[in-house]
Amino acid sequence: NDGSGYQALHVFSSQRATNGYGPAGGLALSGNTLYGTTSGGGKFGSGTVFKLDTSGSNFMVLKSFSAYGTEIVNGFYNYTNSDGMGPEGSLLLSGDTLYGTTFEGGTNGGGGTVYSINTNGNNFTVLHSFSAPVYDTNVNSATYGAFTNIGGGGTRAGVTLVGHTLFGTTPYGGTYGSGTLFAIILPSPPWLNLAPMGGNFTASLAVV
């Protein structure tokens with residue numbers, strides 16, 4: 001904290017590197033392991049989720065986002081794929097699950113995604129795909145318009161978890177094209193229900 005002892009823990013090699021390039025978000029810490037994202041690179045050039053030790057060793061790519069295609073949506077070129085492209089926000093760590101966002105990609109027009117992935121790289125899940133914006137000239141004036149949709153898109157920030165709900169922001173989209181605040185309700189974890197039956201107990205798992 002006095003500015004001394006600077007050390008580069010990992011140097012990303014190039015814009016086409018399979019280990020990723022352009023880490024734009026912050027890092028999540030668990031024990032002596034750091035978790036982060038790169039906005040580009042990886043196997044398909046769409047970005048990565050990675051981990052490494054606080055000493056700089058044991059770097060590993062947990063997820064390479066899939067290849068993207070150029071799709072004309074509402075008259076504009078959008079980048080779409082199955083899982084997202086360009087993760088720029090910081091990761092959120094809760095238990096052994098990481099939550100993050102992507103700026104583009106997804107199956108709903110290329111507006112980006114909200115996703116989760118286990119810290120070991122398993123169980124990657126797209127929680128939401130933002131829809132493609134429509135260029136609406138009626139929002140501001142006849143001279144210029146705004147990119148509008150229902151849920152927003154292009155999120156560059158991470159998310160916050162309160163209970164079983166994720167909260168986040170988008171910089172564009174929404175009714176007036178100026179962005180949105182959003183919430184995603186996550187499924188509650190299963191709980192064990194014990195009930196007496198005779199001289200024994202019966203056990204069952206319930207999911208809400």
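**Briefing: strands, burial and a surface patch**

Three strands form an open sheet in the order β13-β14-β15, and their pairing is antiparallel. This is a predicted model, in which local features need pLDDT of at least 70 and side-chain atom pairs count only at pLDDT 80 or more, while totals for chains, interfaces and linings use all residues. Residues are numbered from 1 along each chain as its sequence is written, and side-chain values use heavy atoms, with hydrogens and water left out.

- Three bridges join β13 to strand β14 (residues 165-170) in the antiparallel sense; two strands pair if DSSP finds at least two bridges between them.
- T160 has F167 in β14 as its bridge partner.

- All six of the six residues of strand β2 (residues 33-38) are buried, so the strand is largely enclosed by the rest of the structure. Buried means under 20% relative accessible area, exposed over 50%, and partly exposed in between (1.4 Å probe, protein chains only).
- T33, Y35 and T37 point one way from β2, whereas L34, G36 and T38 point the other way.
- Strand β1 (residues 28-30) pairs with β2 in the antiparallel sense over three bridges, and S30 stands opposite T33.
- The hairpin of β1 and β2 has two residues between the strands, and G31 there takes a positive phi near 65°.
- β2 is also joined to strand β3 (residues 48-53) by six bridges, running antiparallel, with Y35 opposite K51.

**Surface patch**

- F76, Y135 and F147 make up a nonpolar surface patch with about 260 Å² of accessible area together. Patch residues have over 30% relative accessible area and no salt bridge, and nonpolar side chains are joined within 5 Å. A salt bridge is a side-chain nitrogen of Lys or Arg within 4 Å of a carboxyl oxygen of Asp or Glu.
- F76 lies in strand β6 (residues 76-80) and is partly exposed, with a relative accessible area of 33%.

**Whole chain**

- The protein chain has zero helices (H or I, at least four residues) and 17 strands (E, at least two).
- Of its 208 residues, 39% count as buried.
- The accessible surface of the protein chain is about 11300 Å² (Shrake-Rupley method, 1.4 Å probe), and 53% of this belongs to carbon and sulfur atoms.

Notes:
Patches are made of residues with over 30% relative accessible area and no salt bridge: like charges are joined within 9 Å, nonpolar side chains (Val, Leu, Ile, Met, Phe, Trp, Tyr) within 5 Å.
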